[in-house]
Amino acid sequence: MAGVRPKKALGQHFLTDLSVARRIAGTVSDCKGMPVLEVGPGMGVLTRFLLDEGHDVTVVEIDTESVDYLKTNFPALRHERIVEGDFLDMDLHALFPDREFVVIGNFPYNISSQIFFKVLDYKDSIPCCAGMLQREVAERLAAAPGSRTRGILSVLLQAWYEVEYLFTVSENVFNPPPKVKSGVVRMRRRKDVVNLGCDEALFKTVVKTTFGQRRKTIRNSLRGVTGAAPVAESPLLAMRPEQLSVAQFVELTNLAAQALAAAGRPPKGGTGADTVGL
């Protein structure tokens, strides 16, 4: 098989620069001894360097043509380590029962945010995650408080991970070239966080609700969480969500919890706003 035809419907842009692939593989070089899950390997340009570095690699690929290519061209990758299917629908604990593992990939632009929400779902099992995605999204994941690009995923990821923007990749090293540049990020789970210091489900609801109405002040948007229950006065209420640090969101969540408790309403976590204001 000469190669794999990139499929627009799957958001495939195959990396052709081996030096870039080697750099990306090197972002998890300090995680040896831990299994590595690569998402969307395509023709294995990143896979080969992960294997060369001695990682125990499992790949997940939705494209049947890519799966056939990998089975033919990567004898070092045992067939049972080539998993065909949709990463977003998989039970990752079934792939790595009772083990921590690393996630890496040249992530498809069209599902990159969903991939990171999935990583959050398995945060207790994923101490490190690295990969390449659209530059604007990569920058948003690492955006600090006060940045206009800061959003839901910025806060949720930074609550549990140290997020680093590592380097930018030109659009000219892909087949076909995307219309935008790419960025490589690395996340390492924060060792100082045993728990957030607030109700985790309510924290997620507060973050998603306030960013869903990011043009409003916190005072106004928080009513979507607490309703008519009055929230104790705080300088945070006059701010906007992109200005807040993780610690300030924890403080805000506790204020909301106190208001709900005083009104006899237990906190209810969860919202369908996963893709609002990312």
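A residue counts as buried when its relative accessible area is under 20%. In this predicted model, Ser 221 has a relative accessible area of 0% and is therefore buried.

**Ser 221**
- Ser 221 lies in helix H9, which spans residues 218-221.
- Leaving aside residues up to four places away in sequence, Ser 221 touches Thr 209, Thr 210, Gln 213 and Lys 216.

**Strand E9**
- Strand E6 (residues 128-134) runs antiparallel to E9 and is joined to it by 7 bridges.
- Within this pairing, Gly 131 stands opposite Val 185 of E9.
- Strand E7 (residues 161-169) also pairs with E9 in the antiparallel sense, over 8 bridges.
- Here Glu 164 has Arg 186 of E9 as its bridge partner.

**Helices H8 and H11**
- Helix H8 (residues 200-212) packs against helix H11 (residues 246-262) at an angle of about 105 degrees, and the two axes are 9 Å apart.
- Because angles of 65 to 115 degrees count as roughly perpendicular, H8 is described as roughly perpendicular to H11.
- On the H8 side, the contact involves Leu 202, Phe 203, Val 206, Val 207, Thr 210 and Phe 211.
- H11 contributes residues including Val 246, Phe 249, Val 250, Leu 252 and Thr 253.
- By class, the contact of H8 with H11 has 12 nonpolar and 2 polar residues, with no charged residues.
- Thr 210 of H8, part of this contact, is also one of the residues that Ser 221 touches.

Notes: Residues numbered from 1 in each chain as written. Predicted model: local features only at pLDDT ≥ 70, side-chain atom pairs only at ≥ 80, totals over all residues. Heavy atoms only, no water. Helix = DSSP H or I, 4+ residues; strand = E, 2+ residues; numbered from the N terminus. Buried < 20%, exposed > 50% of the residue type's maximum accessible area, 1.4 Å probe, protein only. Contact = heavy atoms within 4.5 Å. Pairing = 2+ DSSP bridges. Axes fitted to C-alpha atoms, helices over the stretch in contact; angles between N-to-C directions. Parallel < 35°, antiparallel > 145°, perpendicular 65-115°, else oblique. Nonpolar A, V, L, I, M, F, W, Y, C, P; charged D, E, K, R; others polar.
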